[in-house]
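Subject: Structure handed over, with notes on what was found

Dear colleague,

Please find the structure below, followed by my notes on what was found in it.

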Amino acid sequence: IAIRRNHEAFGRGSLRFLYPNNRKVLAYLREHEGEYILCVVNLSRAPQAVELDLADMRGRTPVELTGGSRFPPIGDLTY
């Protein structure tokens with residue numbers, strides 16, 4: 001709840017689904033006033049691999065919200 005309260009994009013702004021090929025993964029982007037949140041949800045009981053087309057986010061570096069871990073920067077290929 002604390003993370004949701006600290007990021008208005010969770011409750012306001014736009015919602016864009018990403019439609020990955022793996023149907024066991026739900027992925028979407030929330031955006032509000034320049035803040036972007038990528039949500040990736042594993043709907044399976046087992047670990048799942050997924051590729052996401054984030055080309056329009058090229059150059060950005062995702063940061064995990066609960067622990068602050070930085071992911072590799074987004075490039076031209078699927079993420």
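This is a predicted model: local features need pLDDT of at least 70, side-chain atom pairs count only at pLDDT 80 or more; totals for chains, interfaces and linings use all residues.

Residues are numbered from 1 along each chain as its sequence is written, and side-chain values use heavy atoms, with hydrogens and water left out.

The strands form an open sheet of 3 strands in the order 1-2-3, with antiparallel pairing, and two strands are said to pair if DSSP finds at least two bridges between them. Strand 1 (14–17) and strand 3 (35–42) stand at the edges and have a single partner strand each, so one side of each is left without a neighbour in the sheet. On average, neighbouring strands of this sheet are turned by 20° against each other, with direction ignored; the axes here are lines fitted to C-alpha atoms (for helices over the stretch in contact), and angles run from 0 to 180 degrees between N-to-C directions.

Strand 1 is joined by 4 bridges to strand 2 (residues 25–32), and the two run antiparallel. On this side of the sheet, Ser-14 stands opposite Glu-31 in strand 2, and Phe-17 has Tyr-28 of strand 2 as its bridge partner. Strand 2 and strand 3, which also run antiparallel, are joined by 8 bridges, and here Ala-27 has Val-40 of strand 3 as its bridge partner.

Two loop residues

Most residues other than glycine have a negative phi, and most peptide bonds are trans. Against that background, Tyr-19 has a positive phi near 55°, and its place is in the loop between strand 1 and strand 2. With a relative accessible area of 67%, Tyr-19 is exposed, on a scale where buried means under 20% relative accessible area, exposed over 50%, and partly exposed in between (1.4 Å probe, protein chains only). Glu-33 likewise takes a positive phi, near 50°, in the hairpin of strand 2 and strand 3, which has 2 residues between the strands, and Glu-33 counts as exposed at 71% relative accessibility.

The segment after strand 3

Returning to Asp-53, this residue is exposed, with a relative accessible area of 54%, and although Asp-53 and Pro-20 are 33 residues apart in sequence, they are 8.0 Å apart in space, C-alpha to C-alpha. Leu-54 also lies in the segment after strand 3, but Leu-54 is buried, with a relative accessible area of 1%. If residues up to four places away in sequence are not counted, Leu-54 touches Leu-18, Leu-38, Ile-74 and Tyr-79, where contact means heavy atoms within 4.5 Å. The C-alpha atoms of Leu-54 and Leu-77, 23 residues apart along the chain, are separated by 8.1 Å.

The largest pocket

The largest pocket is lined by 22 residues, of which Ile-37, Leu-38, Cys-39, Pro-62 and Val-63 lie nearest its centre. On a 1 Å grid over the protein atoms alone, a pocket is an open set of points with protein on both sides within 12 Å along at least five of seven lines, and lining residues have an atom within 4 Å of a point. Strand 3 gives the most to this lining, with 6 residues.

With kind regards

Definitions and conventions:
On a 1 Å grid over the protein atoms alone, a cavity is a set of points where a 1.4 Å probe fits but cannot get out, and a pocket is an open set with protein on both sides within 12 Å along at least five of seven lines; lining residues have an atom within 4 Å of a point.
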